[in-house]
Every structure is written in C-alpha cells, then in structure tokens.
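Me: I have a structure open and would like to learn how to read it. Can you take me through the features one at a time?

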Amino acid sequence: MAIPIAILDCDLLLHGRGHKTLDRFDLDSVSDTFLLTQFGFPREFILYLVELLREALCRRTQRSRAISPEVQVLAALGFYTSGSFQTSMGDTIGISQASMSRCVSNVTRALVEKAPQFITFNRDPSSREQSFQEFQRVAGFPGVLGVLDCVQVAIKAPNSEDSSYVNKKGFHSVGCQLVCDSRGLLLSAETHWPGGLKDTDVLQRSALCKQLQDTEEGWLLGDRRYPLKKWLMTPVDCPESPAEFRYNLAHTATHEIVDRTFRAIQTRFKCLDGTKGYLQYSPERSSSILLACCVLHNASLQSGLDAWTLERTDPLEQPESLEQRPEDRDSQAEDLRTQLILKHFS
C-alpha cells in the first residue's frame, strides 16, 4: 500500500501545506480571459458547473486534504479542451499529473450521471411541433424531429486482440450515434459502440431505434449510409425529377446540422480530435469521456453559449450509399417519401 499512498499525497509533497491550490484555489484571483483561454469556458459557466457537480464531487473525495470541486472542474475542463495532462496544466492550478487524472475521472463520472438531465428526446406534441417549425425554417424540409449521424472518435488499441474497435479506415475508435435539433442541441448520444460496427448495425441495436419504432408523425434525417424507414428519411439515390433534386438539396442542407455540431464539439473538446492524438484510455473510459463532453456541449448551449462558435471548416466526407437487397427495402417508407416529395417539393 506504500505506493498508492505516496501517489495520493504527491500534491502535499510537491507544494506543502502553504500552497494556494487544492482546496484554496481562488477563481476570483484570475481574469475572465485567463479562464476562457486555459479552460475553454467563461467564468459564469464554470461556476455553474461547480455548483451542478459539487455534491457528486464532494461525495467521491473523502481525503482530509480533498481537492476542491472548483479545482476538479478546472482540471477536467483543462483536459477536455486541450487533450493533455501536461505538467503545465497541473501547474496552472497547482496539482500533480496524478491528481489531474483523478480529477478527470471524478468529473467525467459526475457528468455522465447528469446525461439523462441534459440529453433528452422529448416527443410530446408541443416539442414535436416546435421541432417541425424550426427545422422547416432551415431549408424547407417538413416534419423533421432531428438529424442523425454516427461519428468515430479515435482511441488507443485495446489491450486484448479485439478487432471490433477497428473501423473501416483502419484505426481503433468508439462509435457515437448522435441526434441533434436545429440549434445543435443533442437529443440523443449513444457513445459506447465499437468502431468496427457499421452505422446501420449501430442504429438497429440502439435504444433510439426502439424509441422511434412507433413514431407516427415526423421523422429523422439520415444520410445515404442508412436504410429508408417511415421514421428515417434518406436522400434519393439517383434523383431524376426536379422535385427529387429539390428534396435532396433540402435534405443535405438540413442534415448538415449534425455534421456541424460534431465538428464544433471536436473543436471545443480537443481530447476528441483525432488529429491531436488518440484518447489514451480503454474503450469504456473513452466512451464516458465522449459522453461527458456531449453533456457539457448541451449544458453550455442551454446556458446561452453558441454551439458553433468554434466550428472547424473541414470539408465534409461524402458517405457511401447503402447497398440493399430488394427484399430488404421498406415499400411503405418508399411510398411515404414519394408522397412527401410530391406534396412539398413539386
């Protein structure tokens, strides 16, 4: 037990009892610009997070020299927005790299516990009608409940020889199925899928699919990788009529919202940006970090911050069309899409 005790007490050994950090770090002693630059969020939002997570963070910290909720939140935000446990980040708030890691774990678990509070798909008549109106203002596409996509977040290779996390591009990842509204607010985020699963398989196994099976009004929009369903409108593969072209244009302009939303999430939370390095964790912990960042995205949007302020402008990849056997096609969904095109895009 000597080694764990030494690790737990490393902040005391490094800084002594007179250091201003740990439970005595003072947010009021630093500028708004410093907080935004170092931790990615304004002071008001950071203080809101501290109060939101205080009970959970205090509950997990039973040490006599416990790290305060304020410092734990700053440590986690510093990691999420930089993707690094650099010594400089620990020095900024006065804690060791080992303590940074514990803080990230604590805050991540606390945020994951809050996911049902911040990521919800309300389908009551009032919410549904509001969704229809807001999406139709984007590009004239009617009846849209949300836009759907499945994205990949790079992780280190699992210790076991498990190829299920190797995606079609050849690197290890976790898959995240997202649905968002017209503002970029996430309505659903399932972050635990092995990267080797096809998007269609993820959808078929997901809680979202079960939730929407009985939908009678409205639909999601998905790209060409997904099968056409009565509750999931996809582009026309080979448009011929002017109405079909107009349908596809409106579909693309509306569906792009989910792509923009995830690009903005990756830009704000650089720990998820594969170009800056992979998440150095197990698939399970990587999935939790991804979900925590999704909760932070929604919490910040609901607090009045702009979802797309930090959006990258990378060109969008064109998805490959789903190859379906004739017997797998949904004739009722095809009829519904045809009627939709005739009624709204002719």
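Me: What are the ground rules here?
Reply: Residues are numbered from 1 along each chain as its sequence is written. This is a predicted model, so local features need pLDDT of at least 70 and side-chain atom pairs count only at pLDDT 80 or more, while totals for chains, interfaces and linings use all residues; side-chain values use heavy atoms, with hydrogens and water left out.

Me: How many helices and strands are in the protein?
Reply: Helices (H or I, at least four residues) and strands (E, at least two) are DSSP runs, numbered from the N terminus. The protein has 14 helices and five strands.

Me: What percentage of the residues is buried?
Reply: Buried means under 20% relative accessible area, exposed over 50%, and partly exposed in between (1.4 Å probe, protein chains only). Of the 346 residues in the protein, 51% are buried.

Me: What share of the contacts comes from residues 24 or more positions apart?
Reply: Contact means heavy atoms within 4.5 Å. Take the contacts with a separation of 6 or more: residues 24 or more positions apart account for 70% of them.

Me: Which residues touch the most other members of the largest nonpolar core?
Reply: A nonpolar core is a set of buried Ala, Val, Leu, Ile, Met, Phe, Trp, Tyr and Cys residues joined through side-chain atoms within 4.5 Å. The largest one has 77 residues, and Tyr80 and Phe141 touch the most other members. Helix 13 (residues 283–302) gives the most to this core, with nine residues. A second, separate core has 18 residues, including Leu148, Leu203, Leu212 and Leu220.

Me: What is Tyr80 in contact with, beyond its neighbours within four places in sequence?
Reply: Its partners include Val104, Val107, Thr108 and Leu111. Also among them are Arg268, Phe269, Ile289, Ala292, Cys293 and Leu296.

Me: How do I read helix packing?
Reply: Two packed helices are described by the angle between their axes and the distance between the axes. Axes are lines fitted to C-alpha atoms, for helices over the stretch in contact, and angles run from 0 to 180 degrees between N-to-C directions. Under 35 degrees counts as roughly parallel, over 145 as roughly antiparallel, 65 to 115 as roughly perpendicular and the rest as oblique.

Me: At what angle do helix 3 and helix 5 cross?
Reply: The axes of helix 3 (residues 32–39) and helix 5 (residues 69–82) cross at roughly 55° and come within 8 Å. The two helices are therefore oblique to each other. Leu35, Gln38 and Phe39 of helix 3 meet Leu74, Leu77, Gly78 and Thr81 of helix 5.

Me: At what angle do helix 5 and helix 7 cross?
Reply: Roughly 90°, with the axes of helix 5 and helix 7 (residues 97–113) coming within 8 Å. That makes helix 5 roughly perpendicular to helix 7. Among the residues making the contact are Phe79 and Tyr80 of helix 5, and Val104, Val107 and Leu111 of helix 7.

Me: How far apart are the axes of helix 5 and helix 13?
Reply: They are 12 Å apart, and the helices pack at an angle of about 100°. Helix 5 is thus roughly perpendicular to helix 13. Leu77, Phe79 and Tyr80 of helix 5 contact Ile289, Ala292, Cys293 and Leu296 of helix 13.

Me: How many disulfides are there?
Reply: A disulfide is a covalent bond between the sulfur atoms of two cysteines. The cut-off here is a pair of cysteine sulfur atoms within 2.5 Å. By this rule the count is zero. Cys150 is in no disulfide, and the nearest cysteine sulfur, that of Cys176, is 7.1 Å away.

Me: Are Cys150 and Cys238 buried or exposed?
Reply: Cys150 is buried, at 6% relative accessible area. Cys238 is exposed, at 62%.

Me: Where is Ser206, and which side chain does its own side chain meet in a polar contact?
Reply: A polar contact is a pair of N or O atoms within 3.5 Å; within protein, one must be able to donate a hydrogen and the other to accept it, and residues adjacent in sequence count only if both atoms are side-chain atoms. Ser206 sits in the loop between helix 10 (199–205) and helix 11 (207–212). Ser206 is buried, at 0% relative accessibility. Its side chain makes a polar contact with the side chain of Gln177 (3.2 Å).

Me: Where does Glu216 lie?
Reply: Glu216 is in the loop between helix 11 and strand 4 (219–221). At 78% relative accessibility, Glu216 is exposed.
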